[in-house]
Amino acid sequence: MRRRPIRLKRVYERPSPSDGMRVLVDRLWPRGLSRHDVAADLWLREAAPSARLRRWYGHRPRRWRGFREKYRAELARQPDVLHLLDDLRRRAPVTLLFSAADVARNNAAVLREMLEGETR
């Protein structure tokens, strides 16, 4: 069975039928949104960076490279999470939902890299 590409989407964007399986990958629930607004099929907190790493990064661009390395190491210690997401994308399109304002430098982008085998 082939793996479908993984899409990324800010949780504040409207859901779309093309999203497929919508998986929220943040540890904290997005501010100001109800469960209906988010329309997540699954909230996979375990896929989020640890609270300590999230606070350290603080979305400071100068810490991006270090965050990527540390988060990838955290994900490598959670093969069950990676296997679950990989299995989901074999069955249907998957969209990883995140709340960060920076659409290029966030945990969902790193998670997609890991799942797609990118090393960058």
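In the predicted model, helix α4 has 13 residues, which at 1.5 Å a residue should span 18 Å; its end C-alpha atoms lie 19 Å apart, in agreement with that value. The expected span of a helix is taken as 1.5 Å times one less than its number of residues. Helices (H or I, at least four residues) and strands (E, at least two) are DSSP runs numbered from the N terminus. The buried residues of α4 are V81, L82, L85, D86, L88 and R89. These residues cover an arc of only 160° around the axis, which puts them on the same side of α4; the arc is that of the directions from the helix axis to the C-beta atoms. Here buried means under 20% relative accessible area, exposed over 50%, and partly exposed in between (1.4 Å probe, protein chains only). D80, H83 and R91, on the other side of α4, are exposed. An α-helix has 3.6 residues a turn, so residues three or four places apart point the same way. The buried residues of α4 pack against β1, β2, β3, α3, β4 and α5, where contact means heavy atoms within 4.5 Å.

The model is a predicted one, in which local features need pLDDT of at least 70 and side-chain atom pairs count only at pLDDT 80 or more, while totals for chains, interfaces and linings use all residues. Residues are numbered from 1 along each chain as its sequence is written, and side-chain values use heavy atoms, with hydrogens and water left out.

Helix α3 (residues 64-76) was examined in the same way. For its 13 residues, 1.5 Å a residue gives a span of 18 Å, and the end C-alpha atoms are 18 Å apart, which agrees. W64, F67, R68, Y71, R72, E74 and L75 are the buried residues of α3. Seen down the axis, they fall within an arc of 155°, so they line one face of the helix. R65, E69 and A76 are exposed on the other side of α3. The cover over the buried residues of α3 includes α2 (51-57), α4 (79-91) and α5.

N106 is placed in the loop between β4 (94-98) and α5 (107-115). With 0% relative accessibility, N106 counts as buried. Its side chain reaches two backbone atoms: the oxygen of D102 at 2.9 Å and the nitrogen of A109 at 2.9 Å. A polar contact is a pair of N or O atoms within 3.5 Å; within protein, one must be able to donate a hydrogen and the other to accept it, and residues adjacent in sequence count only if both atoms are side-chain atoms. Not counting residues up to four places away in sequence, N106 touches W64, F67, F98 and A100. Of these, W64 and F67 are among the buried residues of α3.

V11 is found in the loop between β1 (6-10) and β2 (21-24) and, at 1% relative accessibility, counts as buried. Beyond residues up to four places away in sequence, V11 touches L24, P30, L33, V38, L97, F98 and S99. The C-alpha atoms of V11 and N106 are separated by 13 Å, although the two residues are 95 residues apart along the chain.

T95 lies in strand β4 and is also buried, at 1% relative accessibility. With residues up to four places away in sequence left out, T95 touches R7, L8, K9, D19, M21, R22 and V23.

E46 is in the loop between β3 (42-43) and α2. This residue is partly exposed, with a relative accessible area of 43%. E46 touches Q78 and V81, residues up to four places away in sequence not being counted; V81 is one of the buried residues of α4. The C-alpha atoms of E46 and R72 are separated by 13 Å, the residues being 26 apart along the chain.

The protein as a whole has five helices and four strands, in the order β-β-α-β-α-α-α-β-α along the sequence. Its radius of gyration is 14 Å, close to the 14 Å that the globule rule gives for 120 residues, so the protein is as compact as a globular protein of that length. The radius is taken over C-alpha atoms, and the rule is 2.2 Å times the number of residues to the power 0.38. The C-alpha trace spans about 35 × 35 × 20 Å along its principal axes. Buried residues make up 38% of the 120 residues. Of the contacts between residues at least 6 apart in sequence, 64% join residues at least 24 apart.
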